[in-house]
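Work through the exercises below with the model open. Each task is followed by its solution.

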Amino acid sequence: MKADNQDLPVDIMELQMGPSHPATHGTVKFNLKLEGEKVLDCDVELGFLHRGFDKSCEQATWTQVIPYTDRLNYASSLINNVGYALAVEKLIGAETPPRCQYIRVIISELARIFDHLTCCGMAASELGAITVGFYMIEARELITRIIENLTGARLTVTYVRIGGVKHDLPQDFAECVTQTFKTVRRLMDDCDRLLSRNRIFLDRMSNVGVISQETALSYCLSGPLLRSTGVEYDVRKTFPYLVYDQLDFEVPVGSKGDNYDRFLCRVGEIEQSMKIVEQAVAKLPVGPVWIDDPRFVLPEKEKVYGSIEGLMHHFKIIMEGIQVPAGETYFAVEGGNGELGFYIVSEGGGRPYRLRVRPPCFIAMGAFPEMIKGYMIADIIPTFGMINMIGGECDR
Amino acid sequence: MPDASPQVAFIQDKLGAKVVDIRSAQGDDVLILNRAGLRDSFLLLKQEPQLDLDFLSDITAVDYWEKKEPRFEVVYQILSRKKRQRLRIRVPVPENDPAVESLTPIWRGANFLEREVWDLYGIRFIDHPDLRRILLYDEFQGFPLRKDYPVNLCQPRVPERKVEGTFVDERSANKLLRLKKTLGIKN
């Protein structure tokens with residue numbers, strides 16, 4: 001207690017928030033030290049969803065890892081698929097055909113829209129804007145339908161393969177995207193009108209959870225969290241992969257580094273992602289979606305059932321896994337929450353020797369105490385909401 | 001050894017004997033550093049304006065059990081946003097003394113990453129402010145990502161931790177006891 005403090009004297013109270021708290025959509029526990037309602041210190045306890053991703057991957061073949069990557073950030077599983085496939089392809093030294101690269105860009109951006117809609121919608125509804133929550137969930141549902149139409153699954157998609165994608169886009173894909181984006185844009189306009197000048201929303205979001213540029217860099221933050229402080233670091237621009245350098249898009253940046261900036265960055269990115277998808281669909285080249293290399297690609301089903309060579313080929317790839325040469329590599333893509341990197345060590349053979357994911361929201365949780373210190377306990381909800389911690393990726 | 005990129009050649013010039021080896025893997029620059037004076041090496045890489053490697057991307061480790069000596073390697077990924085360069089730094093760590101200097105004084109984000117490496121590999125970080133387990137619980141025995149840790153090993157369930165100062169209503173325990181008694185369950 002400071003001597004000049006005129007308030008009633010209060011003891012420091014320790015409060016454990018979580019691990020199952022209705023407003024922390026993810027199992028995470030905060031051990032808080034409170035002075036009244038002010039947060040003095042916060043210790044983040046993670047690992048409630050730890051299931052040994054790295055160890056499991058070391059037991060699986062290279063292809064069997066793809067379903068595991070779905071379960072990392074399940075709000076943007078397609079980006080995880082793409083990132084993993086690109087990392088393995090970098091180790092192999094293979095480059096996929098242009099059509100496959102465009103498809104991968106399209107699905108990455110669809111997943112990014114999905115991710116940001118989840119984050120913003122949930123954060124808004126936790127602050128009482130239930131309508132916005134439902135509007136964004138509706139928009140998300142429309143995106144999910146495109147993904148379902150394309151991959152056959154809604155959340156854990158397992159669509160990308162090493163050396164290609166599972167199958168080509170459906171016939172009506174372009175039309176479907178145009179229709180959906182029309183509705184999504186209308187919904188986003190509605191949300192914008194409901195939120196962007198809403199007094200309650202602004203009071204809860206602006207100047208809360210402020211983090212400076214230097215601190216953000218020191219905490220290794222990436223993605224919307226870093227960009228909200230004004231740092232223009234986006235893996236798609238700084239280290240372009242796939243065909244991002246041929247597409248025209250901007251990276252929204254903030255200035256203050258508070259929750260409202262993070263919200264605006266994410267909403268801005270939804271619009272940019274829609275622009276990217278529209279460009280990519282318009283530019284989509286014709287051609288194969290697989291690399292032409294029988295070492296990594298399964299034979300066609302007619303060959304498998306019609307010839308012994310085809311059957312053996314299929315059997316070898318399924319049972320022994322594709323053979324990846326010895327070496328190590330790191331490849332990063334821009335995930336929904338920031339730089340999603342895959343560090344792979346191969347000793348040759350059909351299984352990874354070591355597979356490490358750089359989880360953007362695990363690193364963001366490291367900066368959470370810094371963001372919340374000195375604010376009210378109620379400010380934890382929007383701050384945590386804008387981090388968009390996904391347990392599957394954070395705890396692996 | 002393939003031709004070193006200008007970045008790596010420059011670093012080798014600056015760090016001198018601390019660089020054990022330089023490699024190039026799939027177009028990535030890889031530097032193998034001595035663990036002595038590691039923090040100073042990183043500080044130099046971060047502050048040298050010609051390199052501008054100011055962003056720590058990732059810290060992890062690899063266990064080369066019965067494959068390589070020394071057994072462990074701590075792997076750092078750093079990058080320069082302005083120069084658009086990535087650099088991977090590998091630091092060999094022996095099994096009998098698995099410890100490296102912590103980078104938390106340089107990048108505060110290293111805190112969580114190093115805690116994870118400690119948790120899963122048992123590599124200590126000297127001068128780390130708060131080296132506790134992070135993904136696993138405190139009672140966990142061993143380090144699961146080491147290659148000699150069996151995949152299927154089951155660890156016993158740990159009893160509930162008594163947290164000091166926690167409010168517990170004793171009646172709830174009595175209710176459970178009564179229920180157990182009526183159902184005839186021992187303990």
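**Exercise 1. Find the residue with a positive phi just after helix 4 of chain A, then check the helix itself.**

Step 1. Helices (H or I, at least four residues) and strands (E, at least two) are DSSP runs, numbered from the N terminus. This is a predicted model: local features need pLDDT of at least 70, side-chain atom pairs count only at pLDDT 80 or more, and totals for chains, interfaces and linings use all residues. Residues are numbered from 1 along each chain as its sequence is written, while chains are lettered from A and ligands numbered from 1 in the order in which they are written.

Step 2. The expected span is 1.5 Å times one less than the number of residues. For the 29 residues of helix 4 of chain A that gives 42 Å, and the end C-alpha atoms are 42 Å apart, so the two agree.

Step 3. A residue is buried if 20 or more other C-beta atoms, placed from the backbone, lie within 10 Å of its own, exposed if 12 or fewer, and partly exposed in between. In helix 4 of chain A, 24 of 29 residues are buried, leaving the helix mostly covered.

**Exercise 2. Locate Asp258(A) and decide: buried or exposed?**

Step 1. Asp258(A) sits in the loop between helix 10 (235–238) and helix 11 (259–283) of chain A.

Step 2. Count neighbours. Asp258(A) has 23 C-beta neighbours inside 10 Å, so it counts as buried.

Step 3. List contacts (C-beta atoms, placed from the backbone, within 7 Å). Beyond four places in sequence, the partners of Asp258(A) include Ser206(A), Asn207(A) and Val208(A).

Step 4. Check a C-alpha distance. Ser228(A) is 30 residues from Asp258(A) along the chain, yet their C-alpha atoms are separated by 7.2 Å.

**Exercise 3. Describe the open sheet of 3 strands in chain A.**

Step 1. The order is 1-2-3, with antiparallel pairing. Strands pair if DSSP finds at least two bridges between them.

Step 2. Strand 1 (12–17) and strand 3 (38–45) of chain A each have a single partner strand, so one side of each lacks a neighbour in the sheet.

Step 3. Strand 1 of chain A is joined to strand 2 (residues 29–35) of chain A by 6 bridges. Ile12(A) lies opposite Glu35(A) of strand 2.

**Exercise 4. How many residues does each chain bring to the contact?**

Solution. Chain A brings 33 residues and chain B brings 27 residues.

Key
Contact = placed C-beta atoms within 7 Å.
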